[in-house]
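Thanks for making the time this morning.

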Amino acid sequence: MTTPCSSAVAPTAQKTALLVASGGDVDELLTNVLASEGWSIQRVVDNQHILALARAKPFDLIVTGRETRVAEDVELLRKIRSARPHVRLIILTDKFTPGDVISAMREGAFSYFSAPFAASEVAEMVRAAMAEPCWDDGIEVLSGTPAWFSLTARCDLATANRLVQFLHGVRDPSISEAEKDQVISAFREILINAMEHGAHFDPSQHVEISFIRARRAIACRVKDPGKGFSLEELRHAAVGSSPEDLFSHATVRDEQGMRPGGFGILLAKKLVDELIYNEKGNEVVLVKYLDPPQSSALNQRHQ
Amino acid sequence: MGLQISIRESGDITILDLRGRSTIDSGESELLSQHLQKLVANGVRKVLLNLIELKQVDSSGVSIIVRTYVSLKRQGGDLGLLCPGGRVLEVFRVLHLLNTIPTFENEAQALASFRPRGHSATS
C-alpha cells in the first residue's frame, strides 16, 4: 500500500519525464506529446541508467526501453518505488513471458505494452499518465498466476482503461487475437457497467475481478459493490428488448430521461459464449470457449 | 487517439467523417453525441456517418448512433453508415444492427440511397 497521492509533485511544478530510447516512431511521438504539454524530457540509452537518475531526482513519468526483459523492468520499478512511490512507469517490451503482466500490475506499473503495439496507443497512455494526479492505488493484485489471477480495481474510468491495456498486453499464442479482443471488449463493457451502475463511479469503491485461463476456456468474474439488478426487469437495456424490436429500450430511456445507452450487456453477451449473473445481480461470470484448431471450422458452421 | 469529427455536406445530406474511437473513455462518445444533437436541432434530417477511419466503438458509441437513428426516423429523416471495418464492423455485426441501419461500402452508393428514401419518408 502506498502513501496518499497528496505527497506527489505539486501541480504547478514543471513535470519531468525520463525516456529510454525505443527507436522508431515511439520516441518521436512521445516527445511530441510530452513537449506539447510543456514537460521536461530527459533521455537515456538503456534501462541501466534509469535507477541512478530516478534516485537522484524525482520524475513524474518513466517509459522503459523495449529491449529489456520485463522481469528486469519490474525489479527496476520495485527499487524506484521504494524511494518514489508515486512514479508513473510505463513498461514497453519486446521480451516477455505469460506472467509478466501480473508482475507489472502487482508492482504498480502505470501501464504495460508488449510487442506488437502501436506508438499511438503508447502516446495515449502517456497522455493518461500525464493527466492522472492520483492513480497508484487503483489496481491491487490479490493473487496471481498466469492461469488464475484476482485483483480489485477502483471505480473510475481511468483505472478501467489502465486495466484493459494490461489485458491487451497479455500474449498467449494459443488464443487468437480476435478471440482475445472479444473477451477484452466484453470484459470492458461489464467492468464499466459494474463501476457505473454498481458504484456510480465512486473512486472510494472497488470492483472485484478474477480471470481464469482453462485449457479450453477463459472465464472472468466481476463483482461490484452495488445492490444488483434483475435482467428480467431491465427494460432500459437492449438485452431486455425483443429481437424484432432491438430499439424499444431507447424509447424507455427517453421516457425516463436517461442518457443514451443500454447496449453494454447485450454486446458483452454476444462477444462471449456465456454471461452468468448471480441471484442478486451484482456479480457476473463471462465465459469464452476456445475451440481446438481442428474443430474451429465445424463449430463456425454451427453458429 | 481520441475522436476527431469532420463535417461536410452533399446537398441536403450531412456527412460526418469520424476518426479515432467512439468510446466512453475520455468523453469521445459524448463529443459525438453533442455534434449529432446539434445537427438534428438545426434541422438536419439526413446523416451519413463515415466510419472508415473509426478504429473502435463501444456500447456508448453504438447507443449514440442508435438514438440518433431512431430520432431521425421519427422525424422523417434517415441515418446511414459508411464503411465500418475491423472491430467496429464486428460490434455492429454481433448486435445485428447492420440489418437495420443502412450500411454502405462506398460513398456514392450511400448518398444515392438517401434520395429516394427522402422522397418516400413522408408517405
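On the α6(A) side of this contact you will find Ala160(A), Val164(A), Leu167(A) and His168(A), and these meet Ile184(A), Arg188(A), Leu191(A), Ile192(A) and Met195(A) in α7(A). Sorted by class, the contact of α6(A) with α7(A) has seven nonpolar residues, one polar and one charged. Please keep in mind that what you see is a predicted model.

As for the geometry, helix α6, residues 157-168 of chain A, and α7(A) have axes that come within 11 Å and cross at roughly 160°. Because angles over 145 degrees count as roughly antiparallel, that crossing makes α6(A) roughly antiparallel to α7(A). The crossing of these two helices, α6(A) and α7(A), is right-handed.

Now let me turn to another partner of α7(A). How do the axes of α7(A) and α9(A) cross? Helix α7, residues 177-199 of chain A, and helix α9, residues 264-271 of chain A, have axes that come within 8 Å, with a crossing at roughly 155°. That angle makes α7(A) roughly antiparallel to α9(A), and the crossing of this pair, α7(A) and α9(A), is left-handed.

Here α7(A) contributes Gln182(A), Ser185(A), Ala186(A), Glu189(A), Ile190(A), Ile192(A) and Asn193(A), which meet Gly264(A), Ile265(A), Leu267(A), Ala268(A) and Leu271(A) in α9(A). By class, the contact of α7(A) with α9(A) has seven nonpolar, four polar and one charged residues.

Notes. Residues numbered from 1 in each chain as written. Chains lettered and ligands numbered in written order. Predicted model: local features only at pLDDT ≥ 70, side-chain atom pairs only at ≥ 80, totals over all residues. Axes fitted to C-alpha atoms, helices over the stretch in contact; angles between N-to-C directions. Helix = DSSP H or I, 4+ residues; strand = E, 2+ residues; numbered from the N terminus. Parallel < 35°, antiparallel > 145°, perpendicular 65-115°, else oblique. Left-handed = near helix turned anticlockwise from the far one by under 90°. Contact = placed C-beta atoms within 7 Å. Nonpolar A, V, L, I, M, F, W, Y, C, P; charged D, E, K, R; others polar.
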